[in-house]
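Colleague: Could you walk me through how to read a few features of a model like this one? I'd like the general idea and then the case at hand.

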Amino acid sequence: MPSSGPFELPDHVQNLVRPLSKRLVVNRRGSTVWDVQTAAGRFAVKLGYRSATHAWTALAPAREAAILRQLVGPDDIHCGEWESGTWSAQPWHEGPSLFTLWEPHRQAGGQATPNLAEALSCALALADLHDAGWVHGDVQPNHFVIGPTRTALIDLALAQGGVVPEAYDFSYRGCLVHYEAPEISQSILEIGTAVPTAESDVYALGASFFISATGWRHVSYPDDASREDQRQAIVDKPHRPITVPGSLGRLIEQMMIRNPADRPTSDEVCAELRSAFRADRP
């Protein structure tokens, strides 16, 4: 039976990264993540293990490390194996997530219109990934870290677009359903796997903007519904009415069009947000 963690850093990992201090960030869905301060800088150290429902979570840290090495180079990207799966270490990204940053918009009496510059920074991070030939496959608001100088798109374990070592690779079985495009949900229901695309990433970015600004999931389904029922709702039902005001709301509507071919590209999303941002400036 898989353990539920959280797991301490194994001795051989500690000997490599040499932590001066560490803080548990999260332990869920087959991953224990530590914020580790070292003499060389600050790192996110991930320990993957079999979750209660998935075996692939044990491989996710090493798979993500292989992708990061192709995108940003091998420096400061470390990975290996431990007794329950794989581990990785990568530079820490400082800043709040999009979902945290837009919390005031979800409160009664809060700001009416989300910050277009912050939305643009997220779209640019996704467009950069697409321009590099990759799709993310797990776009969600907590994966956009709004830093002091740039926004980072993190958690690339499910990304597709380049060569991944066979020992660490696994089939794509969808992402967090709250941001899943209808075509992805349908494929998972029909054959158990799917192929993430730039179009499904754009849909997920629209759903991320929507939930961050309003607190509502893109499609209505009960909180206690099974994953199968949630995906069936996404396939069968239209998305919720887009209540985000102004140009961002109109753009979200386009991003969440059911037909993938009719959605704007990530570069087009960036262009629309740039134009809207300039128009809104005094």
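Colleague: How many bridges join S2 to strand S3 (residues 41-48), and which way do the two run?

Modeller: First, this is a predicted model, where local features need pLDDT of at least 70 and side-chain atom pairs count only at pLDDT 80 or more, while totals for chains, interfaces and linings use all residues. Residues are numbered from 1 along each chain as its sequence is written, and side-chain values use heavy atoms, leaving out hydrogens and water. Helices (H or I, at least four residues) and strands (E, at least two) are DSSP runs numbered from the N terminus, and two strands pair if DSSP finds at least two bridges between them. Here, eight bridges join S2 to S3, and the strands run antiparallel. They form a hairpin with two residues between them, and Val-33 stands opposite Lys-46 in S3.

Colleague: What joins S2 to strand S1 (residues 19-28)?

Modeller: Eight bridges again, also antiparallel. The bridge partner of Arg-23 is Asp-35 in S2. S1 and S2 form a hairpin too, with two residues between them, and Arg-29 in that turn has a positive phi of about 50°.

Colleague: Is strand S2 (residues 31-38) mostly covered or mostly open?

Modeller: Buried means under 20% relative accessible area, exposed over 50%, and partly exposed in between (1.4 Å probe, protein chains only). Seven of the eight residues of S2 are buried.

Colleague: How should I read the helix H4 (residues 116-131)? What span should its 16 residues have?

Modeller: The expected span is 1.5 Å times one less than the number of residues. For H4 that gives 22 Å, and the end C-alpha atoms are 22 Å apart, so the two agree. After H4 comes Gly-133, with a positive phi near 95°.

Colleague: And aromatic pairs: how many does a search of the whole structure find?

Modeller: Rings of Phe, Tyr and Trp (its six-membered ring) pair if their centres lie within 6.5 Å; planes under 30 degrees apart count as stacked, over 60 as edge-to-face and the rest as tilted. The search finds four pairs. In one of them, the rings of Phe-7 and Tyr-49 have centres 4.9 Å apart and planes at 65°, so the pair is edge-to-face. Phe-7 lies in the segment before helix H1 (11-17) and Tyr-49 in the loop between S3 and helix H2 (60-72), 42 residues apart. Phe-7 also forms an edge-to-face pair with Trp-82, at 4.9 Å centre to centre and 70° between the planes.
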